[in-house]
Amino acid sequence: MRICWLLVLLLVACERPFVETTQPELQVIEPDLTEVQTSQVITILVKSTHFRILKEVSLNGVQMKPAPPGPGHWTTSLGLRHGINRFYLDATDEEGVSRRDTAYAVYLPHQISRNAPALPEGRGGHSTIRLRDGSVMVTGGARQQGNLAQSESFLLDPTSDRFIQMEARLLTPRTGHTASLLPDGKVLIVGGSRIDSPSEVSDLIETVEIIDPTASQPGFIELPVRGQAIRRTHHTAIIHEDNGELLLDLAGGYGDLNYGANPFFGVRQDLRTFRIESDEVIALNTRASAPFIYEPVAGHTVTQSQPDSYFILGSQFMNGDAINGNMRIHYPGGSRVDFSPLPGLRIPRTYHATASIFGGIFGLFGGRLESSDISLQIEIFHESTDQFFTLRPSQPMVTRYDHTATSTGLRAILLVGGFNQNGTATPVSEFVLFSSR
């Protein structure tokens, strides 16, 4: 008898309709949210890819309306604030199964201004650093791709509208080097090469120079390097402190891959650490003992995002492929350093320039593409979401690579120098101005 009742219950259960619990999915058709939006109010059009009819679709809790071209399409308007905008799409089908998706839209009104201080002469492969008093110092570089490096430095006073040549000159002309601002206001010059686009280890510069721009008669002074030499160009440099010590980390770049009796020129993948003393620079590791970053990369950029966090952005083109070199570098304390990967650029590029815009939003400007063309689009990186967005400039920009980008004020980025498509360095600067309203 118990068996019969069990069979009856099973038959009754089988008569209940089976409801597929697959959640409804929505696809944003318009606008293209991978691009920075140019209008403060946008019309969102979504399409359902669900196999059942949707009963309701809402954006941030407000119901969307059915829209052309027909069933499964929904639309509504969305007002954007400056920067990144996060919004929620909720969909519920006729069986009551729901799903929430998160999407992002970026709104960054801007303008390009050529009304910017020009260099006295063209430079590419130079370094640019903003000093503590707001001045901007440009050092070294080359006049033509493949030509000899130069030793001149130029200074833009915050009250001036032009760069003036400084009396102080580099002890060793160099290009592809880094300039780092130290806590005491001095500037540290590291690495580089004697000619632009070097191809041999012998072209690299091993010396380190330092200058105090605030001195009554500033001049470059050489700091001896103790330990395995610095042999790299078009690398990046990070200054950080640990237990009262001032440290310098050098990542990537073109340089010596072997050291020893058989030097070999190539793209480096190591991150070497040096301690900066008042009278010397001391290597704390060697290429063999240094930690490795995710990919070999050169012509990349490094930008500080948090007091103990930085990110590297750039691509490496090898055998027809664009290798993603993007990563985050974090210093949790002690001698430890952590690496974590970041998504690839929407437009893979190298020899570009990067600068902070505001509030965890950073811009990538110019640079070379895999085809050797120069990128005319700006790319926007939003740090907390690790997302990239393309931005079509509001006005034509100077075509340039191996240039610099410097944040000079509230939402103002100064682009200086660089090479054009023919490899000639330009003296022209331009501002990229991001509006706050």
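1. Let's start with Phe154, which sits in strand 12, residues 153-156. (Strands here are DSSP runs of E with at least two residues, while helices are H or I runs of at least four; both are numbered from the N terminus.) Phe154 is buried, because its relative accessibility is 1%, and buried means under 20% relative accessible area, exposed over 50% and partly exposed in between, using a 1.4 Å probe and protein chains only.

2. A word on what you're looking at. This is a predicted model, where local features need pLDDT of at least 70 and side-chain atom pairs count only at pLDDT 80 or more, though totals for chains, interfaces and linings use all residues. Residues are numbered from 1 along each chain as its sequence is written, and side-chain values use heavy atoms, leaving out hydrogens and water.

3. Back to Phe154 and its surroundings. Setting aside neighbours within four places in sequence, Phe154 is in contact with residues including Leu119, Pro120, Arg123, Val136, Phe163 and Met166; contact means heavy atoms within 4.5 Å. For a sense of scale, Phe154 and Asp270 are 116 residues apart in sequence and 32 Å apart in space, C-alpha to C-alpha.

4. Arg123 is worth a look next. This arginine lies in the loop between strand 9 (110-113) and strand 10. Is Arg123 buried or exposed? With a relative accessible area of 0%, Arg123 counts as buried. Its side chain makes a polar contact of 2.7 Å with the side chain of Glu121. (A polar contact is a pair of N or O atoms within 3.5 Å; within protein, one must be able to donate a hydrogen and the other to accept it, and residues adjacent in sequence count only if both atoms are side-chain atoms.) Beyond four places in sequence, Arg123 is in contact with Gly140, Arg143, Glu152, Phe154 and Thr426, among others.

5. Arg349 is another loop residue, found between strand 31 (336-341) and strand 32. Arg349 is buried too, with a relative accessible area of 0%. A 3.4 Å polar contact links the side chains of Arg349 and Ser375. Not counting residues up to four places away, Arg349 touches Phe317, Phe365, Gly366, Gln377 and Glu379, among others.

6. How many cavities of 30 Å³ or more does a search of the whole structure find? The search finds one. (On a 1 Å grid over the protein atoms alone, a cavity is a set of points where a 1.4 Å probe fits but cannot get out, whereas a pocket is an open set with protein on both sides within 12 Å along at least five of seven lines; lining residues have an atom within 4 Å of a point.) The largest cavity holds about 60 Å³, a volume being the space filled by probe spheres set on the points, with grid points joined across faces, edges and corners. Its lining includes Phe365, Ser375, Met397, Arg400 and Leu415.

7. The largest pocket has a volume of about 1,200 Å³. Of its 40 lining residues, Thr128, Ile129, Ala179, Val302 and Thr354 are the closest to the centre. Strand 20 gives the most to this lining, six residues. The lining splits into 13 nonpolar, 24 polar and three charged residues. (Nonpolar covers Ala, Val, Leu, Ile, Met, Phe, Trp, Tyr, Cys and Pro; charged covers Asp, Glu, Lys and Arg; the others, Gly among them, are polar.)

8. On to the packing. The largest nonpolar core has 22 residues, and those with the most contacts inside it are Leu108, Ile380, Ile413 and Val432. (A nonpolar core is a set of buried Ala, Val, Leu, Ile, Met, Phe, Trp, Tyr and Cys residues joined through side-chain atoms within 4.5 Å.) Strand 32 supplies the largest share of this core, four residues. Apart from this core lies another, of 18 residues, among them Val46, Leu59, Leu89 and Tyr107.

9. Finally, some backbone details to check by eye. The peptide bond from Glu30 to Pro31 is cis, with omega near -10°. Another cis bond joins Pro68 and Pro69, with omega about 15°. Ser372 is not a glycine, yet has a positive phi of about 75°; this serine lies in the loop between strand 33 and strand 34. Asp386 also has a positive phi, about 55°, without being a glycine, and is partly exposed at 22% relative accessible area.
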